[in-house]
Amino acid sequence: MADAALAVSVSGLTKSYGHVVAVDEVAMSVEAGEIFGLLGPNGAGKTTLVKILVGLIRANSGAASIFQDPAGTLAAKRAIGYLPEHFSFPDWMTAKEFLEFHGRLASVNADSLGQKAGALLERVGLSARADSRLGTFSKGMLQRIGIAQALVGDPKVAFLDEPTSALDPIGRRDVRDLMRDLRVSGVTVFLNSHLLSEIEMVCDRVSILNNGKVVAHGTLGELLSARRLSVRVNESDPARIRAALGEFDVAIGEAGRLVFKLSDEEDVPRVVRALVDAGADVHEVAVEASTLEELFVELVEPGDR
């Protein structure tokens, strides 16, 4: 039985299109009430995975569930809201009509539908355009109304695919604040984005897909902490340094600065000991965390895609 504390659970999920394997034995979990980020290069399988989770397509094998209900079932669909990356809304509807229409599709109580639509429009900064037709909206405004429709059914899990792609910096900040508010209110946010800085600012945990496989999964703290060691020494002989540090992955920079990739914390004293034994004077040691962009590039090299 699936863990009741998990908003999304995926195990052994595989989806292929002919000879092309889009999702390959994927396993991951999303805890209830967290903001979860899904990352990967174009063609990594992100959109296919999300479409399976929201019930738009079926996997060839494996299992996926939303709060214990199999993905694609009516019970699972009732628990989710979804903003796709590429959307098309009826341009003859007003913003309020559009939200009321989606509210009826989501079985929102008819007596409270108008009030809910108004509250959502205010929440995404569009209350002044409630009676404007969607055909007059800018791309950023359509992005905002799309987020509102994803929330109209009070979902337990909100799947947001590139929710800030068309927004200016103020709009992106507003969406980040909205996602944090959703987390506080107990809504799980499943975020698919290419903007790594956005992921780094709001997500509790992330998964990175490459070629349909999960290549990293965990909290940002687990994935980024203590991944690099910077050491400054007075040794001017690069050959001597390399000989002393042959077992370590090291780059030699200017002014005696060395940068190491860390596999674990025990590498720090081992590196310093090796330098001292080689006769180098160690002037500075700093353990640095990698950025999400650095980790992403390291795991998804262009040659591997």
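**Figure 1. Aromatic pairs in the predicted model.** A search of the whole structure, which is a predicted model, finds four aromatic pairs. Take Phe 87 and Phe 89 to begin with. Their ring centres lie 4.8 Å apart and their planes meet at 10°, so this pair is stacked. Planes under 30 degrees apart count as stacked. Phe 87 is partly exposed, at 22% relative accessible area. Phe 89 is buried, at 18%. The cut-off for buried is under 20%. Phe 89 also pairs with Phe 98: the ring centres are 4.7 Å apart and the planes stand at 45°, so this pair is tilted. Phe 98 is buried, with a relative accessible area of 1%.

**Figure 2. A cluster of three Phe rings.** Which residues form one aromatic cluster? They are Phe 36, Phe 159 and Phe 190. Look for the three rings together in this view.

**Figure 3. Lysines over aromatic rings.** Two examples are shown. Lys 156 places its charged end over the ring of Phe 67, at 4.1 Å from the ring centre. Lys 15 lies over the face of Tyr 17, and here the distance to the ring centre is 5.2 Å.

**Figure 4. Phe 67, a loop residue with a positive phi.** Where is Phe 67 found? The residue sits in the loop between strand S4 (61-66) and strand S5 (69-70). Phe 67 is not a glycine, yet its phi is positive, about 45°. Is Phe 67 buried or exposed? At 17% relative accessibility, Phe 67 counts as buried.

**Figure 5. Glu 25, a strand residue with a positive phi.** Glu 25 belongs to strand S2 (residues 20-31). Its phi is positive, about 50°, although Glu 25 is not a glycine. Glu 25 is exposed, with a relative accessible area of 51%. Exposed means over 50%.

**Figure 6. Helix H1 and the residue that follows.** Why is helix H1 (residues 46-53) described as largely enclosed by the rest of the structure? Six of its eight residues are buried, so the structure around H1 largely encloses it. The buried residues are Lys 46, Thr 48, Leu 49, Val 50, Ile 52 and Leu 53. Just after H1 comes Gly 55, with a positive phi of about 90°.

**Figure 7. Helix H3 and its packing partners.** Five residues of this helix are picked out here. Ala 95, Phe 98, Leu 99, Glu 100 and Gly 103 are the buried residues of H3. An α-helix has 3.6 residues a turn, so residues three or four places apart point the same way. What do the buried residues of H3 pack against? They pack against helix H4 (110-123) and H5. After H3 comes Ser 107, whose phi is positive, near 65°. Phe 98 of H3 is also the tilted partner of Phe 89.

**Figure 8. Arg 144 in helix H5.** Arg 144 is part of helix H5. Its relative accessibility is 16%, so Arg 144 counts as buried. Which residues does Arg 144 touch, not counting those up to four places away in sequence? The list is Val 124, Gly 125, Leu 126, Leu 167, Gly 171 and Asp 174.

**Figure 9. The largest pocket.** The largest pocket holds about 600 Å³ of space. Its lining is made of 17 residues. Nearest the centre are Lys 77, Ile 80, Gly 81, Leu 105 and Ala 106. Strand S6 supplies the largest share, three residues. What kinds of residue line the largest pocket? Nine are nonpolar, six are polar and two are charged.

**Figure 10. The whole chain, for orientation.** Step back from the close-ups. The chain has 11 helices and 14 strands. Of its 305 residues, 45% count as buried. Now consider contacts between residues at least 6 apart in sequence. Of these contacts, 68% join residues at least 24 apart.

Technical notes. Residues numbered from 1 in each chain as written. Predicted model: local features only at pLDDT ≥ 70, side-chain atom pairs only at ≥ 80, totals over all residues. Heavy atoms only, no water. Buried < 20%, exposed > 50% of the residue type's maximum accessible area, 1.4 Å probe, protein only. Helix = DSSP H or I, 4+ residues; strand = E, 2+ residues; numbered from the N terminus. 1 Å grid on protein atoms, 1.4 Å probe; cavity = no way out; pocket = protein on both sides within 12 Å on 5 of 7 lines; lining within 4 Å. Points joined across faces, edges and corners; volume = space filled by probe spheres on them. Nonpolar A, V, L, I, M, F, W, Y, C, P; charged D, E, K, R; others polar. Phe/Tyr/Trp six-rings, centres within 6.5 Å; stacked < 30°, edge-to-face > 60°. Lys NZ or Arg CZ within 6 Å of the ring centre and 35° of its normal. Contact = heavy atoms within 4.5 Å.
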